[in-house]
Amino acid sequence: MGLPKIKHVRAFMVRGGGADYHDQGEGHWIDDHIATPMSRYPEYRQSRQSFGINVLGTLVVELEADDGTTGFAVTTGGEPACYIVEKHLSRFLVGRNPAEYEKIWDQMYFSTQYYGRKGLVINAISGVDLALWDLLGKLRQEPVYHMLGGAVRDELQFYATGARPDIAKELGFIGGKMALHHGPAEGEEGLHKNIATLADMREKVGPDFWLMLDCWMALDVNYATRLALAAQEHGLKWIEEALSPDDYWGYAELKRNVPKGMLVTTGEHEATRWGFRMLLEMECCDIIQPDVGWCGGVTELLKISALADAHGKMVVPHGSSVYSYHFVITRHNSPFAEFLMMHPGPTEVVPMFAPQLLGEPVPVNGRIKGSALDKPGFGVELNHEIALHRPYSN
Ligand SMILES: C[C@H](O)[C@H](O)CC(=O)C(=O)O
Ligand SMILES: [Mg+2]
């Protein structure tokens with residue numbers, strides 16, 4: 001329909017925070033003895049970087065149209081994702097109209113299905129999809145949330161993820177989600193410590209502030225059930241990602257086991273409508289948490305969200321900065337959003353994907369006004385002052 005065609009596809013890798021938010025320096029709360037599936041090995045317990053959580057780095061996808069307009073997006077994926085974008089996915093983009101995002105998504109997904117479906121390949125597809133939406137918005141001079149149907153509310157409300165829900169409360173957030181520190185291999189002592197941390201935080205924030213625990217796939221059904229039962233008296237709102245993302249059966253059992261009123265959430269490491277269909281149809285959880293940069297991008301999230309809505313479930317995307325903000329504001333079944341506190345303390349609000357994005361909005365008093373999203377595309381620019389490395393070309 002008269003839009004300039006895509007002329008160039010470029011994929012860069014970047015180190016140091018941003019979309020690979022686990023790639024932080026020493027002393028950051030996000031790498032401080034957090035329970036993981038690798039915690040069963042004592043040598044990998046203290047630091048997630050020790051087992052390689054940050055090996056990938058960020059993938060930046062940049063699309064340039066015939067008229068010189070560029071759209072871009074960032075996600076996790078680094079060098080291997082650059083290869084997939086440049087050597088495989090670019091063929092579905094060059095010479096194409098960016099408004100054909102449905103057909104492009106379909107071609108990217110089915111051409112990679114024999115080695116893709118989840119994980120890195122879907123991260124790469126998500127990055128391309130988000131860059132397409134950004135380009136489309138920049139060409140049409142429209143914010144992405146307009147193209148998704150427009151806002152259903154005037155502002156976004158956030159809960160904060162970090163080690164200091166007490167400070168998150170002072171900063172105006174509606175709740176605080178803490179990482180669980182000890183996994184099953186740390187025995188009864190670890191379980192008591194986990195509960196003691198929650199009890200201490202409940203004491204600090206008072207009775208009504210939401211408190212959640214993020215278990216980052218570290219537990220088994222028995223441990224997660226015991227944790228949930230013990231956490232009830234401290235008003236735990238939800239238990240997140242307690243089990244392996246492949247253990248749909250375990251999630252269904254956990255959901256039956258937790259105390260009435262406590263929510264089970266998961267999905268940040270799930271991908272595509274087919275993965276989320278499993279979580280929904282098997283009654284695994286109360287809230288699904290797709291990461292917009294990992295689940296297939298906005299094009300796929302629209303389908304995931306419609307499926308969740310039909311099942312009466314909320315969609316509260318994992319992190320994902322502006323890519324989540326433009327989506328959440330358009331959906332009734334996404335009533336609030338996550339803000340990942342990337343300050344090392346974390347005692348201050350800093351942009352989630354700093355330093356990669358310029359103009360990234362941040363919550364003020366736990367909120368972002370819809371008007372802050374009123375710029376073309378996702379409303380941010382790539383910070384060209386950071387070291388962008390292009391390992392391959394197409
Ligand atoms: C804090 C968690 O372990 C993880 O780093 C982030 C996450 O899962 C979330 O924000 O949700
Ligand atoms: Mg999580």
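# Close-up views of a predicted model

View 1. Ala252 touches Met282, Glu283 and Cys284, leaving aside residues up to four places away in sequence. Ala252 is part of helix H8, which spans residues 248-257. Its relative accessibility is 8%, so Ala252 counts as buried. Gly293 lies 41 residues from Ala252 along the chain, and 26 Å separates their C-alpha atoms.

**View 2. The magnesium ion (ligand 2) and its donors.** Three residues coordinate the ion: Asp214 through OD, Glu240 through OE and Glu268 through OE. The distances run from 2.0 to 2.1 Å. Along the sequence, the donor residues follow the spacing D-x25-E-x27-E. Asp214 sits in strand S6 (residues 210-214) and Glu240 in strand S7 (residues 236-240). These two residues are 26 residues apart, and the pair links distant parts of the chain. Asp214 has 11% relative accessibility and therefore counts as buried, the cut-off being under 20%. Glu240 is buried too, with a relative accessible area of 1%.

**View 3. Packing of helix H3 against helix H10.** H3 covers residues 120-140 and H10 covers residues 297-310. The helices pack at an angle of about 100°, and their axes are 6 Å apart. H3 is therefore roughly perpendicular to H10. On the H3 side, the contact is made by Ser126, Asp129, Leu130 and Trp133. On the H10 side, Gly297, Val298, Thr299 and Leu302 meet them. By class, this contact of H3 with H10 holds 4 nonpolar, 3 polar and 1 charged residues.

**View 4. The hairpin of strands S2 and S3.** Strand S2 (residues 58-65) pairs with S3 in the antiparallel sense, over 7 bridges. Val60 stands opposite Val74 in S3. Between the strands of the hairpin there are 4 residues. Gly68 takes a positive phi near 90° in this hairpin. S3 itself spans residues 70-76. Of its 7 residues, 6 are buried, so S3 is largely enclosed by the rest of the structure.

View 5. The buried residues are Ser321, Val322, Tyr323, Ser324, Tyr325, His326, Phe327 and Val328.

Methods:
Residues are numbered from 1 along each chain as its sequence is written. Chains are lettered from A and ligands numbered from 1 in the order in which they are written. This is a predicted model: local features need pLDDT of at least 70, side-chain atom pairs count only at pLDDT 80 or more; totals for chains, interfaces and linings use all residues. Side-chain values use heavy atoms; hydrogens and water are left out. Buried means under 20% relative accessible area, exposed over 50%, partly exposed in between (1.4 Å probe, protein chains only). Two strands pair if DSSP finds at least two bridges between them. Axes are lines fitted to C-alpha atoms, for helices over the stretch in contact, and angles run from 0 to 180 degrees between N-to-C directions. Angles under 35 degrees count as roughly parallel, over 145 as roughly antiparallel, 65 to 115 as roughly perpendicular and the rest as oblique. Contact means heavy atoms within 4.5 Å. Ala, Val, Leu, Ile, Met, Phe, Trp, Tyr, Cys and Pro count as nonpolar, Asp, Glu, Lys and Arg as charged, and the others, Gly among them, as polar. Donors are N, O and S atoms within 2.8 Å of the metal (3.2 Å for Na, K and Ca); water is not among the atoms, so sites may look incomplete.
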